[in-house]
Each structure stands twice: as C-alpha cells, then as structure tokens.
Amino acid sequence: MKASSISSKETNWAQQLRKGLVTTKQLAEHGFISKDTLDKYDEVKDNFDIRVPQAFVESLKQGNKALLKQVIPTTEELFFLPEELEDPIGDEAWTPVEGITHRHPDRVLFKPTYLCGVYCRFCFRRYKVSNSNFNLSEETVEKAIQYIADHPEIWEVIFTGGDPLTLTDKKLTSLFSHLNKISHVKVIRFHTRIPSVLPERIHENLIKILKNTNKSVWISLHINSADEYSEDCKKAIALLADSGIPLILQTVLLKDVNDSVDDLTRLFRDSIQNKVKPYYLHYPDLAKGTDHFRIPLQHALDIMKQLRRKISGVCMPTFVVDIPGGHGKIPLESFHWVQIDANTWEFESIRERGRKILVRYP
Ligand SMILES: *Cc1c(COP(=O)(O)O)cnc(C)c1O
Ligand code: SF4
C-alpha cells in the first residue's frame, strides 16, 4: 500500500470521529433533545461527556430506541443512588502504576487513553472517559511497560480505557514493538466499541499492525443491540475475522435496550453469524446516575434461564456481575443444579423446561 493511501485512511477515521455530535446544541438541532431544557442537559454534560457517533445518527433519527437510550443523555443521569460509585468496580485499589490495573495475577488492564468513539450513558468508567488529563504521557506509558516487563506472571495484556482503538496507528505500533520484547506476555486483548461506532477505523493498515506481533491478539467487541450490526460494522468485523483475529463479545444488560429474551436472542445469534463469540453479559455496574439502566437481578436471571433453554450453546455468554470493592467478576448462573449429599445431585433439564432429575454418582 502506498504511504499516501495509508495516511488518507488514517485521516478518514479521525474526521469521522470528529463528526460525532458532542454538544447539547447539536443534539437539539437534530431533534434528539428538547431545545427548551438545554440547561438541564448541559448539567448532565458537565458531569458526563457526550459523543453520539455519526455511524448511529441515521438509525437514531428513525427512532431506534435501543440506540437512543445508549447514547442520548437524559436528566435521569443526575439522580445518584447512595450505592452508586465513581469507581464501581474498584480499579483504583489495584493500580500499582498509572494506567495499569493488576487485580488477577496473570493479566493486567492497560489503559493508555480515555478517548472513545461514543460516550455510553451507562459507562462504568464515566468519571474518567473523555478526560484527556487521564491519558498516559509517553513517560507513564514507559513506566507501565516497565511494570509489565518486571512481572513475569503477566501472561496477558488487556488494552482498555477509554477505547484503545482510538489510539493512532503510530501509537499502537509503538506499544506493540515494546510488548514484542517482553517474552512472558503471550496474549494481547483489546476491549473496544470501535467496529460498531467508528467502523472506518478498521482498515488494512490497522490489521497489519495487529498482525505484526509475536503474541496472539484477541479482540473483545462491546455491542449491546443487534441493531449495531450495520453493514459497515459487519464489513469491519469481517476484515478482522478474515485476518485470523478471534473475536469475542461483551454486552451490558440494559433496560429498554436488550432486556428481553428476544432482544438477546437476536444479538447473540447475529454475533455468531458474524463470527463473534458471546463471552460476557454484564449486569450494569453501580456507576453514578445509571439506575435507569438496571432491571432487578432476579428478572435478569430468569431471562438467562429462558435463553439457555432457547438458543444454541455457542450463542450463550456467561452472565456476570462485577461487585464493588475490586473483588472481580462473579458468574451468576448456577441454577441448574443442587447438591443433595456427597454423591447425589439434582439437575434441572434444559430441554424439558426445568424437569428435575436426580442422579447418583458413585
Ligand atoms: C474484567 C477484568 C479483567 C478481565 O477478566 P476476564 O475474566 O479475563 O475477561 C482483568 N482485570 C480486571 C481488573 C478486570 O476488571
Ligand atoms: S466505549 Fe466503553 S469506555 Fe467508552 S464510554 Fe462506552 S462503555 Fe465507557
């Protein structure tokens, strides 16, 4: 590829990123919020930044509810429950050096940037995202890399943030060249929302960078509604899949976005059809101003039970809740069995709608 075409691709996505709607005035001009209450929305924006990706605007105009609720601010975000926290999953308690979260011995989160292609209204890091003061300087990146190099137990580096695919090709190339020199790191995982919100970012040059490594690169896509699988998004995903990068899905269970068996069936089936394996379904973290996104946990478990009976096993993610205090993700589905005594177990049949079956193992 000629250098000129690479740089024009590089600017295409950066331009597209800038075309996102970022002010309440822009949202009002597009008819997404009322002009009369702009000051209330400005108060929301002062707390939690706004970016509505250009990729969603057409669907939003057609009134797509699942997309609207994810990206358009509401005044409900100013309602904070006492149990809601700035750092709901306790990242800070496990931060040995700036930009690194090391909670599980064999893997670290590495957060070089807090820029995203969209500012999700339910984001669990909403107190940090969009704030460029938290982006790592070259010096802090070097310290983070040094930390990884100094800890041979780190098997996997998980890039998150923010959205790591908003980093420029140059920055990604540099990060990869540093990590390539650390032999105990075997896997690099990206957590990203880019394929659905900024599909232009997934271009040949990026693929080249992602393949130019001695590690195994995995990408975990954050997608919450089947409607996010636009034609452009599917093309971006195909480019990644065809280049041999395994893709997994992370979804947040969100009221009025995907809180039904039908919504989730469509999302998980579409994912598998696009070669993206559902990995985690997250119960929404206790981030401030996000109560309007939560359904009762018991209702969520009922949905999962029905899903398990309905869809192919390959479509099923693990349902998890990340509890406050930095204790990690807790899997929630153990409702298909009860241990009666040392050798006796009672199982619930999936196929026969919950019929109880007693089994003795010698
Ligand atoms: C979610 C998370 C991980 C990754 O967990 P997996 O179960 O491996 O996907 C790692 N570290 C922290 C701090 C996390 O929150
Ligand atoms: S893309 Fe991820 S980090 Fe960024 S706002 Fe959405 S949920 Fe938060």
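**Figure 1. Lining of the second largest pocket in the predicted model.** By class, six nonpolar, seven polar and three charged residues line the second largest pocket. Here Ala, Val, Leu, Ile, Met, Phe, Trp, Tyr, Cys and Pro count as nonpolar, Asp, Glu, Lys and Arg as charged, and the others, Gly among them, as polar. A pocket is an open set of points on a 1 Å grid over the protein atoms alone, with protein on both sides within 12 Å along at least five of seven lines; a cavity is a set of points where a 1.4 Å probe fits but cannot get out; lining residues have an atom within 4 Å of a point. The model is predicted: local features need pLDDT of at least 70, side-chain atom pairs count only at pLDDT 80 or more, and totals for chains, interfaces and linings use all residues. Residues are numbered from 1 along each chain as its sequence is written, chains are lettered from A and ligands numbered from 1 in the order in which they are written, and side-chain values use heavy atoms, with hydrogens and water left out.

The volume of the second largest pocket is about 350 Å³, where a volume is the space filled by probe spheres set on grid points that are joined across faces, edges and corners. Its lining consists of 16 residues, and Leu-136, Glu-138, Val-141, Leu-167 and Lys-171 are those nearest the centre. Strand E2, helix H6 (138–150) and helix H7 (169–180) each give at least two residues to this lining; H7 has the largest share, four residues. Helices (H or I, at least four residues) and strands (E, at least two) are DSSP runs, numbered from the N terminus.

**Figure 2. The largest pocket.** This pocket holds about 870 Å³ of space. Of the 41 residues in its lining, Phe-124, Arg-125, Thr-160, His-191 and Gln-250 lie nearest the centre. The lining is made up of 18 nonpolar, 13 polar and 10 charged residues. Ligand 1 sits in the largest pocket, and the space taken by ligand 2 is also the largest pocket. A molecule sits in a pocket or cavity if more than half of its atoms lie within 2 Å of the grid points.

**Figure 3. The shell around ligand 1.** The residues around ligand 1 are Thr-101, Arg-103, His-104, Arg-107, Leu-109, Ile-158, Arg-189, Tyr-279, Tyr-280 and Lys-329; a residue is near a molecule if one of its heavy atoms lies within 4 Å of it. Four of these residues are nonpolar, two are polar and four are charged. Strand E1 (100–104), strand E2 (107–113) and strand E7 (276–282) each supply at least two residues of the shell, and E1 gives the largest share, three residues.

**Figure 4. Polar contacts of ligand 1.** A polar contact is a pair of N or O atoms within 3.5 Å; within protein, one must be able to donate a hydrogen and the other to accept it, and residues adjacent in sequence count only if both atoms are side-chain atoms. Arg-103 has a polar side-chain atom 2.7 Å from an oxygen atom of ligand 1. For Tyr-279, the distance from a polar side-chain atom to an oxygen atom of the ligand is 2.6 Å. Tyr-280 likewise places a polar side-chain atom 2.6 Å from an oxygen atom of ligand 1. On its own, ligand 1 has 390 Å² of accessible area, and the protein covers 91% of this. Accessible areas come from the Shrake-Rupley method with a 1.4 Å probe; for residues, only the protein chains shown count as cover.

**Figure 5. The shell around ligand 2.** Ligand 2 is surrounded by Cys-116, Val-118, Tyr-119, Cys-120, Cys-123, Val-129, Gly-162, Arg-193 and His-222. This shell has six nonpolar residues, two polar residues and one charged residue. Gly-162 is joined to Gly-161 by a cis peptide bond, with omega about 10 degrees. The loop between strand E3 (156–161) and H7 contains Gly-162.

**Figure 6. The cavities.** Two cavities of 30 Å³ or more are found in a search of the whole structure. The largest has a volume of about 50 Å³ and is lined by Phe-48, Asp-49, Tyr-119, Cys-120, Arg-121, Cys-123, Arg-126 and Val-129. Its lining has five nonpolar, no polar and three charged residues. The second largest cavity, of about 30 Å³, has a lining that includes Gln-16, Leu-17 and Arg-51.
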